[in-house]
Amino acid sequence: MTCRTVAASRLCVPHNIFRYIVCYGKTILGLEKLVVVKDHFIEFWFKFVHPYKGELEMGNTSYVANKIAQQFIERHVSHIYEEICRTLLPRLCLTESIDFVPSKIGAFWDAHTEIDVVAIDEDHM
C-alpha cells in the first residue's frame, strides 16, 4: 500500500482516499485544485475526532459534542451538499432538466469570490 504523509497530522494514509476539485478561472496562491477526502466518515474523523482526541480520551464528550454541533453544518455537511450537486448536475443535463451539457464541472475561487459548483459549457461560451 502506497502512503502519503498528511502534513497537518503527520499520519501515513493511502493516497487513493483523496479526490480533487478543480478550480476554473483565476486562483489564489496558485492553487488550481483542492485535495479532499473521498470517504465522508474518514473526513468526519479528521475534522471532529482526531483534533479532540485528548478530550475524548479524558471522557469530555459533552465538550466535543458541543464543538461538533457548532461546526458540523459549515465544516462537513456543506461540502457533502456541494459534492451531491456536482454529481447530480451531469445527470440533470442528460435527462434534459437543464438545457446545456457541461464539458467541465468544478469550482471557482479567487481573492474575492468563491463559487462552490461551476459547470462550463465550452460550446456555448
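**Helix contacts and overview**

His40, Glu43, Phe44, Lys47 and Phe48 in α1 meet Val64, Ile68, Gln71, Phe72, Arg75, His76, His79, Ile80 and Glu83 in α3, where contact means heavy atoms within 4.5 Å. The structure is a predicted model, in which local features need pLDDT of at least 70 and side-chain atom pairs count only at pLDDT 80 or more, while totals for chains, interfaces and linings use all residues. Residues are numbered from 1 along each chain as its sequence is written, and side-chain values use heavy atoms, with hydrogens and water left out.

**Overall composition**

- The protein contains three helices and six strands; helices (H or I, at least four residues) and strands (E, at least two) are DSSP runs, numbered from the N terminus.
- Read from the N terminus, the order of elements is β-β-β-β-α-α-α-β-β.
- Of the 125 residues in the protein, 25% are buried, a term that means under 20% relative accessible area, as against exposed at over 50% and partly exposed in between (1.4 Å probe, protein chains only).
- Carbon and sulfur atoms hold 58% of the accessible surface of the protein, which comes to about 9100 Å²; accessible areas come from the Shrake-Rupley method with a 1.4 Å probe, and for residues only the protein chains shown count as cover.
- Among contacts between residues at least 6 apart in sequence, 39% join residues at least 24 apart.

**The α1 and α3 pair**

- Helix α1 spans residues 40-49 and helix α3 spans residues 61-94; their axes come within 10 Å and cross at roughly 140°.
- That angle makes α1 oblique to α3, since angles under 35 degrees count as roughly parallel, over 145 as roughly antiparallel, 65 to 115 as roughly perpendicular and the rest as oblique.

**The β5 and β6 hairpin**

- Strand β5 (residues 104-109) and strand β6 (residues 114-120) run antiparallel and are joined by five bridges; two strands pair if DSSP finds at least two bridges between them.
- Four residues lie between β5 and β6 in this hairpin.
- Ile105 has Ala119 in β6 as its bridge partner.

**Asp116**

- Asp116 belongs to strand β6 and is partly exposed, with a relative accessible area of 30%.
- Leaving aside neighbours within four places in sequence, Asp116 is in contact with Glu82, Arg86, Gly106 and Ala107.
- Glu82 and Asp116 are 34 residues apart along the chain, and their C-alpha atoms are separated by 6.5 Å.

How values were computed: Axes are lines fitted to C-alpha atoms, for helices over the stretch in contact, and angles run from 0 to 180 degrees between N-to-C directions.
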